[in-house]
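I begin with the charged pairs and then turn to the strand.

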Amino acid sequence: MNEYGERQQFRLLETGTPARVELDGINLPAGLASTDIVIFSPPHPAHQGFAQRLRSTLSRCIAEELQYRQGFLFIPVLVGAGAALWFSLSSPPSDVVLFVSSLCVIPIAIIMRHRQTVVSFMVAVLALLLLGMLLANWETRRAGTTVLDSAVTTTITGTVERREVDAKGYWRYTIALTSTSGPSLARLPNRISVLARSREQPIAVGAGITGKARLSPPSGPALPGLNDFAFSAYFDGIGATGFFYSAPTALPTQRESEDKDSWLDAADSWLYALRSAIAERIRSVIGGDAGAFAASIITDERRAISSETMEALRVSGLAHIVAISGLNMALASGIFFVGMRMVFSLLPGFSQRYPVKKISAFAALLMTFAYYLISGFAVSAERAWLMMSIMLAAVLVNRPSISLRNVALAAIVIIAISPHEIMGPSFQMSFAATLALVAAYSFWSRWRGNRERLIVARPPLWLVASSKAGTIVGGVVITSLIGGVSTAIYSIEHFHRITTYGLAANLAAMPVMSIIVMPSALIAMLLMPFGLDAPFLKLMGYGMAMVIDIAKTVSSWGGDATIGRQHPWFLIVSTVGFLLLTLLRTRLALVGLPFLLAGLVLVPVELNKAKPDLLIYEDGLLVAFRTDQAVATTKRQAKGFVYEQWARAVPLPDKHVAPVIFDDNAASDEETTVQASTRRQPVLTDQQKQQAREKMLLALERTNVFSCQRNAWCVGQHETGVRVAAISNTAFTGTACDVADIVVTSRFVPFTTCRSGAILISATTLRKTGSLELWLNESGAPVAAARAAMQGVARPWSVHRAYDWRSKTFDGEVPPHIETMLAAEP
C-alpha cells in the first residue's frame, strides 16, 4: 500500500467504525458471525449540534497547533507588540513600575511554561508584552541622543563618519560633532547630518571637517498620524540636519589616544570607507542611474538615484529592489551556493569523498556575511542576512531550511537588538513578504504531500522542458503576487498608495535580476580586488538599465492609486488578521479573515470622512487651503517632500493654485525660506503699517488663493469666509492680527495672543504642537475642530520641542486659546 492509501485508511479508522473487509478477516468463535457484532462509534458529525461540532473542531485544531509548537511563532509577535505599545504611548509607565511588574510576571511565566491552561497562557502573553516594553525602554535609554531644539546658523567642527553622494553630485556627511562656534551650542548634538552643495573633492571618511552650516532639528510628522522623522533620527544618533553655506574645509585628522579608539570603532570606519569605495567604483564604471541603481543593491547607497527613476520604481512596484532585502540576499547566496556545487561536480573524486553540499553552504554563509558587512546595516539587509544565515546553518545540521521558525528566530534577534525597527515600514514590509511566502510554501508542501501525483518513468524532452518552464514562470508569478498582496497593508499605512501593475513589472524584471544582474554582480565583487571587475560591472549595468526601462514603461501606464491616510485601528486590525492567517496551520487560520475584512472596511470609512480645510506645516512657512476642487498654498509650485506627503495623506486635489506675488523679483522657494529665516526684522512706521493693512485687505478680496509680499507675509480667504495670514517678517504680525482670523508666524514673537481676538499660532506654539490641520467654520468661531501632530507627546525624541534656550528650561505648555482649539476633535 502506498503512502496515500495509508493516509486514507488511517482517516477511516479515526471515525471509530472498522471497515467490513476488516471484520470479515477476523477469526471469530464458532457460531458467531460478523453481522452479530455491535460496534459503538461516536455519532456522525451531522447528528451533532452546531455548538458541539464547533467545540470539537476548535479542540482538535488547538491540539494540532500545540502539537506542532506553533506557539513559538507568536513570541516575536508579542514581544514586538509590547515594544510597539511602549513607543506609541504619549506617557509610558515609570521605570520602577515597569521593572517591578516584569520582575513579578516573567519568573511566574517561566515556571508555568509547560502548563497548558488559560491562566498560564495569559501570564505568558503578559510576560512577553512586558519583555518587549523592557527592551524598548532599554534601547531608548541606550541611544540617549541629544536633539537640537531650534534652528541655528553656526560654524561646526567634527569628524566625518559617513558620506554619500546624491543624484546632483552633492555629498551628505554624517559628522561626529566636537564643537561649534558663533554661536556655541549649549546642548551639543553628538552626530549631525549635513549636505554640502558643492561638487568639489569629497572629504574622506575619518577626516576632520569644518564649515558654516545651517542646522535644524529633525522634522516631525508632516500631519497628524504621519511618519515622525525625529523618531528614526533619535535611534540613529542624529541630533540635527542641515546644509553647509559653502564648501566645507578638511582638517587634519586628530585621533584620540589608542585606548579611547576601540577596535570596533576602527573596524566600523574601515567598513564604511570600503563600502563608499565600492559604491564609487560601481558608479564610475557603469555611470548614470544604472550605476547608482547597481551601487544601491550592493552597498545600499540610494541617494545617487535620480528622483525621476525612484518615482518610476515606486509607481511600478519595483522599489523593493533598491533596498538590500531578501530578494538580493537570496539570489546572491543561492547563485554562490549552486555555483560552488557545480564546480565540485566537476571533481567527482572530491565530491564522493567529502560533503560538498555542506562545504558549499558554509562558503555561502561566509559570502552572505561579507555582503551584509558592506550593505550599510539597514534593517532589511539585517533581516535578510539573518534569514539566509539560519537557512544555510540548517543545511549544515541537516534541518529544514525554509520554515516559519527560521523567520521567527530572525525577528526575535532584530527585535532584541533594535526594538524601534518594528515601528518602521522597512521591518514591517520585509517580514510581511517573507512570512507570507514561507507560509504559502509550507501550505503548498503539505497540500502537495497529501495528493497522488502522476510520475512518468522516462518523460519526453518536451514534457521536461515545459514542466521546468511552467515551474519557473509559475514561481515568479506566485511569488510576486504573494509579495505584493502581503505588503499592501503596510504600503497603504505608511505611503498611502498602492501599485496596481506591480505584478506585471515584477514578472518582467525578475528574470533580468536573476539571470543578468545578480550573477554579474557576484562575479564582479569576487574579481574587484584583482581589478578584473569592469566587464561584469558593465553587464550588470545593462541589466540595471533594462530594469529601469521596465519601471518607466509600467509607471507610464498609471496605476499608482492614492489611498489616503488610514484609520488609527487599520494597521492593528489588519496585522492581527494577517498574522493569524499566516502563522496558524489549521482551520484556526481562517479566524484572520474577518480581521482583514474589517481592515478593508476601514479604508473607505476613513476616506469618506470630512477633510481638513487648512493645513499648517510645523515651520510655519507652508500653509495650504484645501477645497474639493483645488488646493492653494503659500508656495509657488506644488512640489517638495512635505507637500507630496500632504497630497497622498489627505489626499489633496490635483489642481494647485499658486500664490499671487506682489514683489516678483527672482528667488526660489528655497532661497525665500533661507532669507526669511535669517534676515533682520525691521521696525515699521505707522505709514508702513497702514500701507500693509490696505494691501492685505485688498488681497483678502480674493477667495481660495494666497497673495504674498515676498519675505514678509501671505494672506488669503477660504471659501468659508475665514481669513488666514502667514507671516515671515514679525514686524507685520500686529497688522495681520487686525485683518485676519488666523495668524501663523514662522518666527518668534514676544506675545502669545492677538489683541484683536484672532487666533495666533506662533513659531513657538508650532514647535510644541507640530504640524496642524484645521476644520474651518462658516460662521461663529473660525475653527470648528483641529488636530496637532505632536500635542501632549513628551518622549525623548520629541522633548527637545519644549526646550527654551533663553531660559534653559523645558516647557511643553501651549497658550490657552490653542488648547481650546485642539480640544474640539473633528
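I looked up Arg565 and found that this residue counts as buried, at 12% relative accessibility, where buried means under 20% relative accessible area, exposed over 50% and partly exposed in between, with a 1.4 Å probe and protein chains only. The model is predicted, so local features need pLDDT of at least 70 and side-chain atom pairs count only at pLDDT 80 or more, while totals for chains, interfaces and linings use all residues. I note too that residues are numbered from 1 along each chain as its sequence is written, and that side-chain values use heavy atoms, with hydrogens and water left out.

I then asked which residue forms a salt bridge with Arg565. The partner is Glu773, with the closest N and O atoms 3.0 Å apart; a salt bridge here is a side-chain nitrogen of Lys or Arg within 4 Å of a carboxyl oxygen of Asp or Glu. The pair links distant parts of the chain, 208 residues apart, since Glu773 lies in strand E19 (residues 772–776) and Arg565 in the loop between strand E8 (560–562) and helix H20 (570–583). Helices (H or I, at least four residues) and strands (E, at least two) are DSSP runs, numbered from the N terminus. Glu773 is itself buried, with a relative accessible area of 0%.

Arg787 sits in strand E20 (residues 783–788), 14 residues from Glu773, and is partly exposed at 26% relative accessibility.

I also checked Asp613 and Arg626, whose side chains meet in a salt bridge at 4.0 Å, N to O. Asp613 is buried at 13% relative accessible area, and Arg626 is buried at 8%. By the same rule the count comes to 17 salt bridges, and Glu311, Arg314 and Arg497 are linked in a network of them.

Next I turned to strand E14 (residues 706–709), where Phe706 and Cys708 on one side and Ser707 and Gln709 on the other are all buried, so that both faces are covered. In a regular strand the side chains alternate between the two faces of the sheet.

I traced the pairing of E14, counting two strands as paired if DSSP finds at least two bridges between them. Strand E13 (residues 660–661) runs parallel to E14 and is joined to it by two bridges, with Cys708 as the bridge partner of Ile661. E14 pairs with strand E15 (residues 713–717) in the antiparallel sense over four bridges, and Gln709 has Trp713 as its bridge partner. In the hairpin of E14 and E15, three residues lie between the strands, and Asn711 takes a positive phi near 60 degrees.
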